[in-house]
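Have a look at the sequence and the model first, then read on.

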Amino acid sequence: MSALIEVKGLDKAFGGVHAVEGVSFAVEAGQVYSVIGPNGAGKTTLFNLISGIYTPTKGEIRLNGESTAKLEPNQLAERGMCRTFQQMQICMNMTAIENVMLGRHLKLKSNLFSTLFRLPALLRDEQSCRQRAAELMEFVGCGEYLDTEASAMSYGALKRLEIARALAAEPKVILLDEPAAGLNGTETAALEELIRKIADQGTTVMLVEHDMKLVMGISDRLLVLNYGRVLAEGIPEEIRNNPDVIAAYLGG
Amino acid sequence: MVNRFMQSRLRDLVFLAIILFALPAFLSNPFHYDLATQMAIIAATVVGLNLLVGFAGQISLGHAGFFGLGAYFSGIMTGSYGWSSIPALLVGAVLVGIIAWIVGRPILRLKGHYLSMATLAVGFIIAIIINNETWLTGGPDGMPVPSLDIFGWELSPFGSYSLFGMELDGNQAWYLFAALVLLVAVWFAQNLIDSPIGRALRSVHGSEVAARVVGVNTASYKSLVFVISAIYASLMGGLYAHFQGFITPAVAAFDFSIVLITMVVLGGMGSTMGVILGAVVLKLLPQVLADFQELETVMFGLILMLTMIFMPKGLLPTIQMAVSKRMKKKAGGQA
Amino acid sequence: MLKTMLRRAGKFAAIAAAGLVMSAQAAEPIKIGSFLSVTGPASFLGDPELKTLEMYVEKINESGGVLGRPLELIHYDDVGNASSARNFASRLIRSDRVDIIVGGSTTGATMAAVPLVEQAKIPFISLAGAVVITTPVKEWVFKTPQSDRMAAERILSDMKERGITKIGLISGTDGFGASGRTQTLEVAKELGVEILADVTYSGSDTDMTAQLTNIRNTQGVEGVLNFGFGQGPAIVTRNYAQLGIKLPFYQSHGVASDGFLDLAGASAEGLRLPASPLLVPDSLPEDDPQKEVVQSYKAEYEARWNAKVSTFGAYAYDGLMLAVKAIEAAGSTEPEAVRKALENIQGHVGVTGEFNMSPEDHNGLKADSFRILEVQNGAWKLIN
Amino acid sequence: MFSEFLQYLFTGITIGATYALIALGFTLIYNASHVINFAQGEFLMIGGMATVSLMAMGVPMLLAIILAVVLAGVLGILLQRFAIAPAKQADVVTLIIITIGASIFIRGLAQLVWGKEYHVMPNFSSDEPIRIFGAVLNSQSLWVLGIGAILVVGLVLFFTRTLIGKAILATSMNKEAARLVGIRTQLVLMLAFMVSALLGSVAGVVVAPITFTSYDIGIMLGLKGFVAAAIGGLGSGVGAVVGGLLLGVVEAMAAGYISSDYKDAVAFSMILVVLFFMPRGLFGAKVVERV
């Protein structure tokens, strides 16, 4: 069985500066796969490459065996990839639940005619979509915000909301970019619980995170980046004991 | 379970209908009906433009071009080629939609001021063509347009009609017609906003990248809303031409594009009721200021500037915020 | 409860409406309505027109008004925009309920108002030039300026007299220029004048050298005509001189004002144009019937406004005088009677020319009411 | 044939230089505050009209020009202080509408003060045109080009050699960081508006002898300046100059060779083509989407 995500010799340069250089790895379906590394190691750039927001300078990414070189982010979403952002991307001009309902975009049949005349079929779809979105918000733990304007919500709630939106698309793989950043201890614990639940449902999770405790606790495998290059790759146990990793983290 | 939009949609639509049908009690002469009719038509145009600007967050400084195309297409087909109004309006709308789609695809990739520039250029090119092709459009001096006929039934500001036993003159009949058109335009706009398509559109404004990663093909949604708002403009342009009975290239001019976008921003971007208010205010202002003669321009500029400085969110949203703050205060005081 | 609320709302509306309508309850004045392009790109038309109307309405009222009733001038500024012109015409007719309209600075503004005027059956004397305003004749629409067609006839005939039969044409893309261009092309065909080059410029252009170079390089051109108004023709004139084009140069009546000479300066030397005698009142022969009218209008206007008189103000003067004459002849402001009286005005000597109206001619001027003037030593000189 | 081409080129470069100066004004303000100032054309109008009216009062030309430019500069500061600064939270479109309101207001005032007529300003030097290979060049065109070049060089020196210039640049790159290192950003923004107004008014003065001047001359020239700035790429000084000259030359060539009816349409089509291939104009900065 081939890997769900396969990255080979990936390169991304911004005006001569290599943010990601010669990175290769593979993520099997069902894993929780984390990318760690010091600030500026190229983690977010890597996510932007995988999710199609940046085009690689060199190298190849395969999703389910298919090359993603020519695919736009929305086409990747159609193929089951969804993500959250380090700097949250919430539509502040909508309510919380609308943000999650947006996540179900691909699951809804939208037809201009039935939309304009607001035909019963559309209403039914909308009802069930809303219901599903409400469940998801409950699932991630921001169920009390349903019709709150997104702009009026707290940071932590928005972080969870973004995950709910990504889940609403029922992705095969979800990319979480620093979901724990800015969260306090209790919130982080809840997040860990949430990620576990997501993984238990069979969704592959890719994670960029700084919180070592969290990462080591839930990851099946880890990728360590440093200055855009792969420093190490393996199961948490191997990473923990890798001298290069220790050196990099301790400022060696 | 009733969501925010459903509530406000019903409330807004009923509220608007009450205002529209109660208004005649305050209109004392045909000139008032004349103005009110124009306001309704322009308001419907702006409701369409608001879908693009207010909800999808894409600026257009050339929308009068589409309004003008609709006006001239309808005027030319009915006037010179003997078409009936309804097919002229509809075919015009389809053509304008196609044109908008063709130009929209490439220019909607642009962002911010570059998009304003490109839409401005498109509007200018349309206006220049209308101005120059005198054989077809009558050139800068304009052309007369026959009155509206709806499947053989003629609606003219100069006619007289009876409705449920009420005697109406042409201006009153036109007003009622335009009011209905506005209601339908608002209804469509609201249905669109509160739907999967509408969410996709709004997400383009809220966070384009978020929209893309959940599978929204933002490029085609931007095109879609551009086309829809162009069709609104085209249809309303056609109606405007039939109502006025005479059009000049001013209906397609840059100045008018600016007026349209100003109505949206002044009234409140993203608020359907707000932009209608914006249209009413901007249409009324020149009439009110007419008595100030030389001071008219200065005052218009000053009012526009001050309103936008002190109410950057637009008239209606600012008023609504003030009211809800007040009510909260009251509630808080009692608690 | 609801009733009182409604009543109160009604009261509000009445107050608001009164504010909008400009209440006017003087002793049965005769209401003269006007919409003019007082500001905007055509303000050089609307501004002197409004000044003239204001001044003569005042004067007439000082000497007892018309039919013993004072005149009341209700005027709006259409900013050169045809849609606002139409709206203000609507307001004049339906809200202000004027007896007659004297206005419409541009052809676009006039034509936009025509359907309303025709329907409301209110006499309307337009101050705009294009031939379409009165050809075909519209029952309620009259106009005081000579049509652009007459201007084209006058210019092309003068050219032919000088032996010029192949010309270059440069015109503005505004209403005046475009209509003038169309008429010139038609008249040229009738008179056997060939138009070898035909170029345009838009109202806001600041340099017409490219277009003139194009004409200069066209083989066989013997003379050049510029049909346009505003500042454009002055720029054309200066570029013409700079390029050193020596061919006979004509302008239209659109620039027949002293302001044009100020703008064009020495470059205007030698150019010709058709104009009303207003620019050369003193060189008219003593027996010219227009001499007195023209001289006194010029003197009065310049004394009152401390500004140079312009041909366009004279259109308003003639319009107002025709209206007064018609109302006096009709003995009332009853629209149909006034319209009939207007149609029957004969031998009325105005500043623009001698008006002989008829049911077939709502302009009443002949092409020879245009005099051909030439700029000599920085001043207008009457040629014929 | 060649003289014809040369003639179009002269015409295009002269008017293009004017566009370039206005475009530079747009660029300056855009760089400092990311505002597109639709009142830019009014600075040009103020320059020309104030000079003409002061000269009519008997003030010598040079002094009249200086006073007019100072007046425009003050106006630029007032515009920033009272219209732009209070609305700093506003949306991009809202700011556009504010500057449009400001331009209508300024135009209305000018019309009240100076009237609606067009006015002539004499050439700075001889009225005699210069002849080169059969083409004619208005001597004033040399003034436009010369002063335009001086202003461009002056601007470059201003931004690279003076503390104030560097402060404006720093603010444009990162407002917060600039504030942290002690730059008074509000003051800097005000300065940017002032310099932009100075540029516009000087442009207005030098072209007035060619174009005449009136209270509404700023509308179209201002718009063309925006077009030029967009072609060149907003925020790029080189782009503004190239965009302005390009627009002027294309207009003149189109009027001469293609169709004078459609020369403006040709210019506007050119923008569409440029933006189609280069969505940020010819010299616009490439921006990487940051998420």
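Chain C holds an open sheet of five strands in the order 2-1-3-4-5, paired in parallel (two strands pair if DSSP finds at least two bridges between them; strands are DSSP runs of E, at least two residues, and helices runs of H or I, at least four, numbered from the N terminus). Strand 2 (71-77) and strand 5 (141-143) of chain C are the edges, each pairing on one side only. From one strand to the next, the twist averages 25 degrees. Strand 1 (residues 30-36) of chain C runs parallel to strand 2 of chain C, joined by seven bridges, and I32(C) sits opposite L73(C) in strand 2 of chain C.

This is a predicted model: local features need pLDDT of at least 70, side-chain atom pairs count only at pLDDT 80 or more, and totals for chains, interfaces and linings use all residues. Residues are numbered from 1 along each chain as its sequence is written, while chains are lettered from A and ligands numbered from 1 in the order in which they are written.

Now for chain D, where it meets chain C. The contact takes 24 residues from chain D and 26 residues from chain C (residues are in contact if their C-beta atoms, placed from the backbone, lie within 7 Å). Helix 1 of chain D gives the most to the chain D side, with six residues.

| Pair | Angle | Axes apart |
|---|---|---|
| Helix 9 (residues 218-232) and helix 10 of chain D | about 120 degrees | 7 Å |

Technical notes
Contact = placed C-beta atoms within 7 Å. Axes fitted to C-alpha atoms, helices over the stretch in contact; angles between N-to-C directions.
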